[in-house]
Amino acid sequence: MEDDNGGVGHGDVVDVYPLNRYYFGSKEAISKKDDDDLVDRIHRLKANYEVNGMRVCVEGVLLVELLGRPHVLLLQVKNSFFRLPGGRLRPGESVEGLKRKLSNKLSPIESTTSDNWQVGECIGMWWKSSFDTLPYPYLPRNGCRPKECIKLFLVRLPISRKFFVPKHMKLLAVPLFQIHDNCQTYGPVISGIPQMISKFSLNIIQG
């Protein structure tokens with residue numbers, strides 16, 4: 001059954017499997033956009049906005065178990081900032097775009113775009129009123145058209161899986177208690193994940 005955002009609904013219980021059931025490898029980087037400095041990034045975002053309008057990004061929340069506690073998988077770029085796996089949707093693209101982005105970031109290069117990702121419901125939406133501001137969990141009423149919308153989806157992992165991450169990134173398992181309300185390190189979106197998934201019952205399966 002699909003929810004209102006195009007994801008697959010599975011009820012309120014989320015199985016969280018041990019980290020040691022997953023394999024982690026590396027692959028060549030596909031995109032060099034992460035090499036952009038802030039000025040180049042803002043220039044690129046403005047150019048895309050003029051052509052396509054508001055940027056819509058989708059990101060996946062993937063949970064694993066470690067030491068009996070739930071952890072979220074985060075990408076760390078160049079030993080610097082953290083991000084969730086995902087990215088910008090193409091014009092007219094639906095939640096299938098998140099599957100494409102997850103495969104791009106976390107699957108072997110030769111894999112298909114769908115790659116059997118189980119994308120669940122949308123658990124949060126964030127908005128940017130300008131290109132260089134932090135996102136808000138609501139649409140700011142400042143008279144400006146929003147420049148970006150960020151949608152977070154819960155992605156349910158199978159009992160085992162192989163992950164392949166671009167060489168300039170690391171895929172880290174970070175405990176929920178560490179990211180909770182830690183905006184300074186992880187930003188407002190990631191630090192809000194514990195509240196966003198609090199409506200679920202996490203079934204922690206220890207290895």
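Lys147 lies over the face of Phe131, 5.9 Å from the ring centre; a charge is taken to sit over a ring if NZ of Lys or CZ of Arg is within 6 Å of the ring centre and within 35 degrees of the ring normal. The charged end of Arg161 likewise sits over a ring, that of Trp117, at 3.6 Å from its centre. The model is predicted, with local features needing pLDDT of at least 70 and side-chain atom pairs counting only at pLDDT 80 or more, while totals for chains, interfaces and linings use all residues. Residues are numbered from 1 along each chain as its sequence is written, and side-chain values use heavy atoms, with hydrogens and water left out.

Ring-to-ring pairs come next. A pair of aromatic rings is described by the distance of the centres and the angle of the planes. Rings of Phe, Tyr and Trp (its six-membered ring) pair if their centres lie within 6.5 Å, and planes under 30 degrees apart count as stacked, over 60 as edge-to-face and the rest as tilted. The count by this rule is 5 aromatic pairs. One of them joins Phe82 and Tyr186 in a tilted arrangement, 4.9 Å centre to centre with 50° between the planes. This pair links distant parts of the chain, 104 residues apart, with Phe82 in strand S5 (residues 82–83) and Tyr186 in helix H4 (residues 183–191); helices (H or I, at least four residues) and strands (E, at least two) are DSSP runs, numbered from the N terminus. Phe82 is buried at 18% relative accessible area, and Tyr186 is buried at 8%, where buried means under 20%, exposed over 50% and partly exposed in between (1.4 Å probe, protein chains only).

The rings of Tyr136 and Tyr138 also form a tilted pair, with centres 5.5 Å apart and planes at 50°. Here Tyr136 is partly exposed at 37% relative accessibility, and Tyr138 is partly exposed at 47%. Elsewhere, ring pairs link Tyr22, Phe24 and Phe163 into a cluster.

Another residue to look up in the structure is Lys27, which lies in strand S2 (residues 22–27). Lys27 is buried, with a relative accessible area of 6%. Leaving aside neighbours within four places in sequence, the residues in contact with Lys27 include Ser103, Asn104, Leu106, Ile109, Phe164 and Pro166, contact being defined as heavy atoms within 4.5 Å.
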